[in-house]
Each structure stands twice: as structure tokens, then as C-alpha cells.
Amino acid sequence: MDLHDTVAVVTGGGTGIGRATALALARAGARGVVVGYSRSADEAAAVVEELAALGCVAVAERADVGDAAAVRSLAERVRARFGRMDVLVNNAATTHRVPHADLEGLTDAAFAQVLDVNVLGPFRLARAFAADLRAAGGAVVNIASIAGYRAGGSSIAYGVSKAALVQLTRNLAVALAPEVRVNAIAPGTVATRWQTDVHGITGFAERARAERAQVPLRRTAGPEHVAQAVLGVLAMDLVTGETVIVDGGKHVTY
């Protein structure tokens, strides 16, 4: 897929992996990038400025992916602004941090919210933009997680939601074929604010150092490595329904 003159929507685009992906798309030639956000308004505005400096037409759009009406409204605004849409990156996600053994601590409401944002959210966006993506011969990339493959992650709900997202990727790859390709990226540990908010800067640095000793490539992924993988699957014109794990090879040692 040639990204020159394309229009992309990146949910959760104000920070971390979303920001890195938006910038990578602009550097690869995207004409327009929509930075989707739900709470990080200031960060999204800063990313828009970075994108503009790269010569990209960028706009920050607030949209709660857990709200079907908000997603439909976002699609309408993107059509009105750009007249097309070629690439959808479903990066927005949420979690409730509950130890896996604390079954009573993971309430039905918390479980439902995680599934609503992490699974139904990407589905709502793919559904809302399906006609645009088909017309453009576009592509969807879902940001999953290694937690979708093993019993880890911030909670049972989070891991289940990411496993479901991997399966949703396969189903959408069939549903949107032959015009649209759908793939996913499953990061392992990534050095983002998501990690430092939980473990602290020093705590995360120590956890990452210990993990690197066990990872074949002896490196901790940054947001830019996930963005690199996103652009990689976008460039693979005959690949769809696949999930690429980005964890320095750690998963092959489990």
C-alpha cells in the first residue's frame, strides 16, 4: 500500500503508540491524519502541531469509541473534512487493573467496560468506515497485545479483550475482503506512560531491565517499534487477518 496522499484515522492518537503511529504515517506520506482522543485533548493538540510541521493536514477529533453514536459522528466529520479515508488504526484501549486471582474484584461492570472499548470500539469504527475503506482499497490495523496470547496483563478482562480483538481481526479480514485488508499488532512490554503511571519511572526501568535479560533481542520496545510494525503490515499487500507480535522475541521463550 502506497501511503502517499492517503488519509488515516488513529484512535488514541495523542500519546504513546498512537502518537508514534500518527507521526510515522505522516513521514510515510499520508496527506491527512485524524488524531482521535477521548481524554487527552492537550496531548492530541500537540501531536497535531507535530504533524503539521511534517507537512500533514492534521486534526484532533474527540470520540469515545465506547459510544456508537460518537463513532458514527466521527466518521461523518472525517468524510466532510477529507472526502475519503484510507487507513484506520484502532489503538484506543482501556483497562481495570485487578490481580488475576481477585475474581470478586473484577466486577461485571468493569469487565463489560473493557470489552466495550477494546473489542466493540474497533468493531464500531470498522463498521462506520467500511464504505470509505472499501472505496479506497484501504486497510485496518488493530493494536492488540501479547496479553491476548497468555494469561498475563493488567487484568483478566484486558487479556480476554485483546484475545477477542485478535479474533475480530480475522473476522473483519474476511468481512471486508477483497477490498480491505485487516491486520493486528500485538506488543509486549512497551515503554509508554501506560507503564510508568502504574510502576513509576524507576519501577518500570527496573522491570524493563530485568525483562531484557530474558528477551532474545535484549531490548525494550518503544512506541516507535510498534509504529514500525503498523507501517510494515500496511505495506504487505497480500497479507490479511494476521497478528504480528512485537516483543523482542520474548514470546518464543515462554
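In which sense, left-handed or right-handed, does α3 cross α4? In this predicted model, α3 passes α4 in a right-handed crossing.

## The α3 and α4 pair

Helix α3, spanning residues 68–82, and helix α4, spanning residues 108–136, have axes that come within 9 Å of one another and cross at roughly 30 degrees. Because angles under 35 degrees count as roughly parallel, α3 is described as roughly parallel to α4.

On the α3 side, the residues that meet α4 are Ala68, Val71, Arg72, Leu74, Ala75, Val78 and Arg79, while α4 contributes Arg124, Leu125, Arg127, Ala128, Phe129 and Asp132. Sorted by class, this contact of α3 with α4 holds eight nonpolar and five charged residues, with no polar ones.

## The sheet

Seven strands form an open sheet in the order β3-β2-β1-β4-β5-β6-β7, and their pairing is parallel. The edges are taken by β3 (57–62) and β7 (243–246), each of which pairs on one side only, and the twist from one strand to the next averages 15 degrees.

Within this sheet, β1 (residues 7–10) pairs with β2 (residues 32–37) in the parallel sense over four bridges, and alanine 8 stands opposite valine 33 of β2.

## Helices on the sheet

Helix α1, made of residues 16–27, lies across β1, β2, β4 (87–90) and β6 (181–187), and runs at about 175 degrees to β1. Helix α8, made of residues 223–234, also packs on the sheet, where it touches β4, β5 (139–143), β6 and β7; the direction of α8 makes about 160 degrees with that of β6.

Notes
Residues numbered from 1 in each chain as written. Predicted model: local features only at pLDDT ≥ 70, side-chain atom pairs only at ≥ 80, totals over all residues. Heavy atoms only, no water. Pairing = 2+ DSSP bridges. Helix = DSSP H or I, 4+ residues; strand = E, 2+ residues; numbered from the N terminus. Axes fitted to C-alpha atoms, helices over the stretch in contact; angles between N-to-C directions. Contact = heavy atoms within 4.5 Å. Parallel < 35°, antiparallel > 145°, perpendicular 65-115°, else oblique. Left-handed = near helix turned anticlockwise from the far one by under 90°. Nonpolar A, V, L, I, M, F, W, Y, C, P; charged D, E, K, R; others polar.
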